[in-house]
Structures are given as structure tokens and as C-alpha cells.
Amino acid sequence: FGQLLAEPAAAVTRVQRLDYVTSRALAPGLGINYTAVLATGDVTIPDGDHELQVISDDGVRVWVDDRLVIDHWTAHESAVD
């Protein structure tokens with residue numbers, strides 16, 4: 001993953017929702033295997049209790065306010081964190 005991030009991005013897009021099915025290419029011209037996604041964004045959420053959930057197939061890490069809140073950085077089948 002680190003090596004992929006060191007290379008120039010093959011595609012840059014803006015989306016409202018991260019929702020990719022990885023049994024096919026994430027974008028035209030990209031391969032199916034050995035693909036990395038780096039997503040950044042800003043949201044304002046009202047005070048209160050909230051639940052953050054991700055479904056991943058292989059490694060996923062999620063930071064909120066520079067704090068690692070989900071760390072499932074292993075090769076794994078589809079999993080909910």
C-alpha cells in the first residue's frame with residue numbers, strides 16, 4: 001500500500017459516498033488487483049453519539065480527527081467493522 005501511495009495517482013475523483021465493489025475495476029483503465037484507495041474528506045456532525053461502520057475486503061484503516069478508530073489492516077474476507 002505504501003508503494004502504491006508513493007506513485008502518482010492513476011485516477012482522482014470526487015464522490016459523495018465511498019461505495020466500491022472490488023470484483024471489478026474501480027475506474028475505467030484501472031486493474032482489478034493491487035489497487036489502493038486513499039480517501040479524505042471533511043464533515044460536520046452534530047454533537048451526540050454516532051456509529052461509524054465500514055465493510056472491507058482486505059485492509060482498512062479509518063481516522064477521525066487524526067485518531068485511528070478502525071484498524072483492520074489484514075488480508076481478510078468481507079468484514080464489518
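## Basis of the model

The model is predicted: local features are reported only where pLDDT is at least 70, side-chain atom pairs count only at pLDDT 80 or more, and totals for chains, interfaces and linings use all residues. Residues are numbered from 1 along each chain as its sequence is written, and side-chain values use heavy atoms, with hydrogens and water left out.

## Overall architecture

The protein chain contains 1 helix and 4 strands, arranged along the sequence in the pattern α-β-β-β-β. These elements are DSSP runs numbered from the N terminus, with helices (H or I) of at least four residues and strands (E) of at least two. Along the principal axes, the C-alpha atoms fill a box of roughly 40 × 25 × 20 Å.

Of the 81 residues of the protein chain, 9% count as buried. Here buried means under 20% relative accessible area, exposed means over 50%, and partly exposed lies in between, with a 1.4 Å probe and protein chains only. Among contacts between residues at least 6 apart in sequence, 24% join residues at least 24 apart; a contact requires heavy atoms within 4.5 Å.

## Surface and nonpolar patch

The accessible surface of the protein chain comes to about 7,600 Å², and carbon and sulfur atoms account for 49% of that area. Accessible areas come from the Shrake-Rupley method with a 1.4 Å probe; for residues, only the protein chains shown count as cover.

On this surface, F1, L5, L38 and W73 form a nonpolar patch, with about 400 Å² of accessible area together. Patches are made of residues with over 30% relative accessible area and no salt bridge; nonpolar side chains (Val, Leu, Ile, Met, Phe, Trp, Tyr) are joined within 5 Å, and like charges within 9 Å. L5 counts as partly exposed because its relative accessibility is 41%.

## Charges and salt bridges

The protein chain carries 5 positive and 13 negative side chains, and the centres of the two sets lie 6 Å apart. In this count, Lys and Arg are positive and Asp and Glu negative, while His and the chain ends are not counted. Each charge is placed at NZ of Lys, CZ of Arg, CG of Asp or CD of Glu.

Side chains of opposite charge can pair when their charged atoms come close. The structure holds 2 salt bridges, each defined by a side-chain nitrogen of Lys or Arg within 4 Å of a carboxyl oxygen of Asp or Glu. In one of them, the side chains of R17 and D19 meet with an N to O distance of 3.4 Å. R17 is exposed at a relative accessible area of 61%, and D19 is exposed at 53%. R61 also forms a salt bridge, with D71, and their closest N and O atoms are 2.9 Å apart. R61 lies in strand β2 and D71 in strand β3, so this pair ties together parts that are 10 residues apart in sequence. R61 is partly exposed, with a relative accessible area of 37%, as is D71, at 47%.

## Positive phi angles in the loops

D58 is not a glycine, yet its phi is positive, at about 95 degrees. This residue sits in the loop between β1 (55-56) and β2 (60-64), and its relative accessibility of 37% makes D58 partly exposed.

D66 likewise has a positive phi, of about 65 degrees, although D66 is not a glycine. D66 occupies the loop between β2 and β3 (67-72) and is exposed, with a relative accessible area of 77%.
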